[in-house]
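This note is intended for a colleague who is meeting the structure for the first time. The points below are numbered so that each may be checked against the model.

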Amino acid sequence: MRVIAAGLLAFVLAGVAWAGSRAPVLDAPRGEKCVEDAATMRRSHMDFLRHQRDETVHRGIRGARHSLAGCVECHANAKDGAVLGSPSHFCQGCHAYAAVKLDCFECHASRTRAAQAGRPARSP
Amino acid sequence: MNPVDTSRRAFLGGTAAFAGVALAPGILLYEYAAAKAPGEAVSSAVRWGMLVDTTRCASGCTACVDACHSEHGVPKPARPTDAQWIRKVELKDLRTGAVRSAPVMCQHCAEPPCVDVCPTGASFKRADGIVLVDRHTCIGCRYCMMACPYKARSFVHEPTAGQKTDTPRGKGCVESCNLCVHRVDRGGTPACVEACADAGHRAIVFGDLNDPASEIAQRVRAATTTQLRADLRTDNGVRYLGL
């Protein structure tokens, strides 16, 4: 049993090390910190978004903490103002790495308001 | 006993005076109900509506249509199957020759047929009377399009690009006028109303039908207005003057 556990641990560590070397290099976000700490966001951002989308669509609650538009405003690429487009763009890069389909931007805007209006993509 | 009685009386007097102060600007309470804070849920104390004054609406003017479609990132409709949130309609009385022009969009019914038929609950009416499609739950069956007496809804047949932040839209869902819900939630007015005023016509009035002090409630009270297909008893939030 102990041997199996040790073997499993070694396998996981090797996996982490391998993953670490190939982790995506993503666009630097704007601002100092996100709405939650990075570990929470990585694990739960989809739940936050799903909860808040219902609050916004059905109850008209706007400007709350976990909004998709908020994600885009801070994490967009500084040049083109988008979160999709290349493996270094924030949303696309990580979703490709994690092999999770990204459906949000089939309908939602993937560019900042400034980029949509043809202004400089993002203030630093 | 005596000291207790007097203090209680003084206390009651004080509360009565306070209540008087609070009641006197009671209209304020109403204004607060209309201009909700962005983080607050919508309330059924408000009933958003529009009044279209067809005597002021200019034939051939499409300011409201253009403003709506650019506000929501909807491409200019070119084919019959393209999405169309608002359209201009010309009515002519063949006996008298009288011509009336008016925009027709989602009428934001109090009893919306589109909500009745929706199998997933995607078509719904918000507490403040705005009828919306929740695209997260819309399966694109188009029952609502068949149920709507006003042809207000469109189906998006092709992939979309260039969406606006406030108006997500995509292939496979039904959509319609949402009364510029993103603007209304922030205390603004719909894009068509602004565009009509900018074009100098001021034919569309937007406001809270439940607030007796609002411009729309006063106009609706002062003159006879028509709800389209009132025989269906859908109790539309959009009313027409001079039809």
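1. A term needed throughout is burial: a residue is buried if 20 or more other C-beta atoms lie within 10 Å of its own, exposed if 12 or fewer, and partly exposed in between, with C-beta atoms placed from the backbone. By this rule Cys180(B) is buried, with 24 other C-beta atoms within 10 Å.

2. Basis of the note. This is a predicted model, in which local features need pLDDT of at least 70 and side-chain atom pairs count only at pLDDT 80 or more, whereas totals for chains, interfaces and linings use all residues. Residues are numbered from 1 along each chain as its sequence is written, and chains are lettered from A and ligands numbered from 1 in the order in which they are written.

3. Confidence. The predictor assigns the complex an ipTM of 0.79 and a pTM of 0.81. The pLDDT, the predictor's confidence in each residue on a scale from 0 to 100, averages 89 in chain B, where 86% of the residues score at least 70. Over residues 13-34 of chain B, however, pLDDT stays under 50. Where pLDDT is low, the predicted coordinates should not be read in detail.

4. Chain A. Helices (H or I, at least four residues) and strands (E, at least two) are DSSP runs, numbered from the N terminus. Chain A has six helices and zero strands, and 20% of its 124 residues are buried. In helix α3 (residues 68-75) of chain A, the buried residues are Leu68(A), Cys71(A), Val72(A), Glu73(A) and His75(A). Their cover includes α2 (38-59), α4 (90-98) and α5 (104-107) of chain A.

5. Chain B. Here the secondary structure comprises eight helices and 10 strands, and buried residues make up 36% of the 243 residues. Two residues are in contact if their C-beta atoms, placed from the backbone, lie within 7 Å. Of the contacts in chain B with a separation of 6 or more, 61% involve residues 24 or more positions apart.

6. The interface. Which residue classes make up the side of chain B that touches chain A? In total, 19 residues of chain B are in contact with 16 residues of chain A. The chain B side divides into six nonpolar, five polar and eight charged residues. In this scheme Ala, Val, Leu, Ile, Met, Phe, Trp, Tyr, Cys and Pro count as nonpolar, Asp, Glu, Lys and Arg as charged, and the others, Gly among them, as polar.

7. Two strands pair if DSSP finds at least two bridges between them. β2(B) and β3(B) pair in the antiparallel sense over seven bridges, with Arg87(B) bridged to Val104(B) and Glu90(B) to Ser101(B). Six residues separate the two strands of this hairpin, and Gly97(B) in the turn has a positive phi of about 80°. The loop between β2 (86-92) and β3 (99-105) of chain B also holds Asp93(B), which is exposed, with 10 other C-beta atoms within 10 Å.

8. The open sheet. Four strands of chain B stand in the order β8-β1-β10-β9, with mixed pairing. β8 (204-208) and β9 (225-226) of chain B are at the edges, each with a single partner strand, so one side of each lacks a neighbour in the sheet. β9(B) pairs with β10 (residues 238-241) of chain B in the antiparallel sense over two bridges, and Thr226(B) has Tyr240(B) as its bridge partner.

9. The cores. A nonpolar core is a set of buried Ala, Val, Leu, Ile, Met, Phe, Trp, Tyr and Cys residues joined through C-beta atoms within 7 Å. The largest has 54 residues, and Ile86(B) is one of those that touch the most other members. Beyond four places in sequence, the residues that Ile86(B) touches include Cys64(B), Cys68(B), Met105(B) and Cys192(B). Apart from this core lies another, of 10 residues, including Cys71(A) and Phe90(A).

10. Backbone angles. Most residues other than glycine have a negative phi, and most peptide bonds are trans. Cys180(B) has a positive phi of about 45° although it is not a glycine; its place is in the loop between β7 (174-175) and α6 of chain B. Arg142(B), in the loop between β5 and α5 (143-147) of chain B, has a positive phi near 70°. Arg142(B) is partly exposed, with 13 other C-beta atoms within 10 Å.
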